[in-house]
Structure formats: C-alpha cells, structure tokens
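Here is a friendly walk through a model, written for someone who likes to know the cut-offs. Have the viewer open as you read.

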Amino acid sequence: MLYIACEMNKTTIESVQPGRNYSFRADMKLNAWAFAAVAMAFASRIVIRHHPDWGMWLRAAVALSPMLPGFLYVRTIARWIRGMDELQQRIQLGACLFATTGTIFVVLAYNLLVAQGIYLARLPHGLDWEDTFASVIFLYILGSAIINRRYR
Amino acid sequence: MKNKLRELRAGREWSQSDLAEKLGVSRQTVNAIETEKYDPSLPLAFKVARVFKLKIEDVFESNGN
C-alpha cells in the first residue's frame, strides 16, 4: 500500500513538472502522515489487545488515534492538489471522485451480498478499513489513468 | 472552444515546454489546450493572450461563432 502511494506521487510529479526529477524525500514528506496513520493503526490494535481491562473511553481514544494523522494526511493532499495547475487539479479531483464513488459501490455491493447470506470466502468478517483503503487506492490509480488518457 | 495556440507558438518557435514554463502550467496542459481537449479557465486564457501580446479573442474563439 505504501509502495502504491509512492508510485502515485512519482507519476504525478513527472506529469506536472516534467523537468523535475522524482524525489524520495519529497515523497516521504507528502506521505508522512499516511505512514504515521498506518503505524498508529497497527500499534493501537496491539495496545488494545493487550489491555482489555482499560475503560471504554480510553480504549475509544486509542482506537480512534489513527484518525488524527489520517486527517492531517487529507489536509496535506488537499494542499498538494491546490499547488498543481488547473488541468492537473481537474484530473486529480476527477480521480478522487472516481475512487470515492467506486469504493461506495464496492462496499454497497458487498453489503448487499452479505444481506442475502452470500459471504466471500476471503472476507468472512466483512470489509475492514484495509480493504476499503486498498479499494480507494486501486480505484484512484485506475481513475487517474482513465482521466489522464482523455487529455493526452 | 477553438484556439490558435499551436500556430502562435510555432510562429515564435517556442516548444510546448517553453510555453508551459511561461504560463506556469505543465506541458500536458499546453498540449491539451492545443488539441482542444481542454478549455482553459478565464484567468489562464487571459494569461495566454498576455504571453502572446494579443487580445483574448485573437487567440480563442467560441465554437458557436
């Protein structure tokens, strides 16, 4: 997932600023909050598993802790998109819309199947956040490719 | 919207990258405008006209006209 996030940034930097070389440091700066959110999600899961005796509010705070870096990541991405030229903004916003609406359809379709008692063998417990995030990333890349093709 | 961007750019012997740099946009944007796949915003259209020292209507033309 982190590899995909880096690849997304690499592709966009090269198309927005052709003269500018890909920079791993710039990549890390852009995606730092995403990495922090993923790390905190895993850490919070482990902490809660080892402290079932904690009160509800404390467990809720730990469980929701990845939301803060997640929010900061969204803010970083919004600033990054605002820094692009108008065509790239249109492409990125189109890709984001494609990814979010596509993911809503994926989740909806899965829930419709579950409601009918049809469980997918690989996902017996339903779609968790990793599956949803993977769907967003995959559909974002697909949407970017489709919309970019329109303007080539 | 039709435009004369390619002719104007060729007349000045600028590459798409040169024009993109003057406009502060990507080369892909210049190419998309030239091939009429993308209509620029009004501020960008004015900027294009300014770069070529022309009026906006000398560069862009509505399809309806």
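## Burial and overall form of chain B

Of the 65 residues in chain B, 23% are buried, meaning that 20 or more other C-beta atoms lie within 10 Å of the residue's own; 12 or fewer makes a residue exposed, anything in between partly exposed, and C-beta atoms are placed from the backbone. Please keep in mind that this is a predicted model, in which local features need pLDDT of at least 70, side-chain atom pairs count only at pLDDT 80 or more, and totals for chains, interfaces and linings use all residues. Residues are numbered from 1 along each chain as its sequence is written, while chains are lettered from A and ligands numbered from 1 in the order in which they are written.

Chain B has a radius of gyration of 11 Å, which agrees with the value near 11 Å for a compact globule of 65 residues; the radius is taken over C-alpha atoms, and the globule rule is 2.2 Å times the number of residues to the power 0.38. Along the principal axes, its C-alpha atoms fill a box of roughly 30 × 20 × 20 Å.

## Fold and contacts

Chain B holds five helices and two strands, in the order β-α-α-α-α-α-β. These are DSSP runs numbered from the N terminus: H or I of at least four residues for helices, E of at least two for strands. Among contacts in chain B with a separation of 6 or more, 53% join residues 24 or more positions apart; a contact means C-beta atoms, placed from the backbone, within 7 Å.

In H3(B), the buried residues include Val30(B) and Ile33(B). Leaving aside neighbours within four places in sequence, Ile33(B) is in contact with Asn3(B), Leu5(B), Tyr38(B) and Pro40(B).

Thr35(B) sits in the loop between helix H3 (27-34) and helix H4 (42-51) of chain B. It counts as partly exposed because it has 13 C-beta neighbours inside 10 Å. Thr35(B) is 32 residues from Asn3(B) in sequence, with 8.9 Å between their C-alpha atoms. Just after H3(B), Glu36(B) takes a positive phi of about 60°.

## The largest nonpolar core

Which residues have the most contacts inside the largest nonpolar core? They are Val30(B) and Ile33(B), in a core of 17 residues. Such a core is a set of buried Ala, Val, Leu, Ile, Met, Phe, Trp, Tyr and Cys residues joined through C-beta atoms within 7 Å. H5(A) gives the most to this core, with four residues.

Terms used
Contact = placed C-beta atoms within 7 Å.
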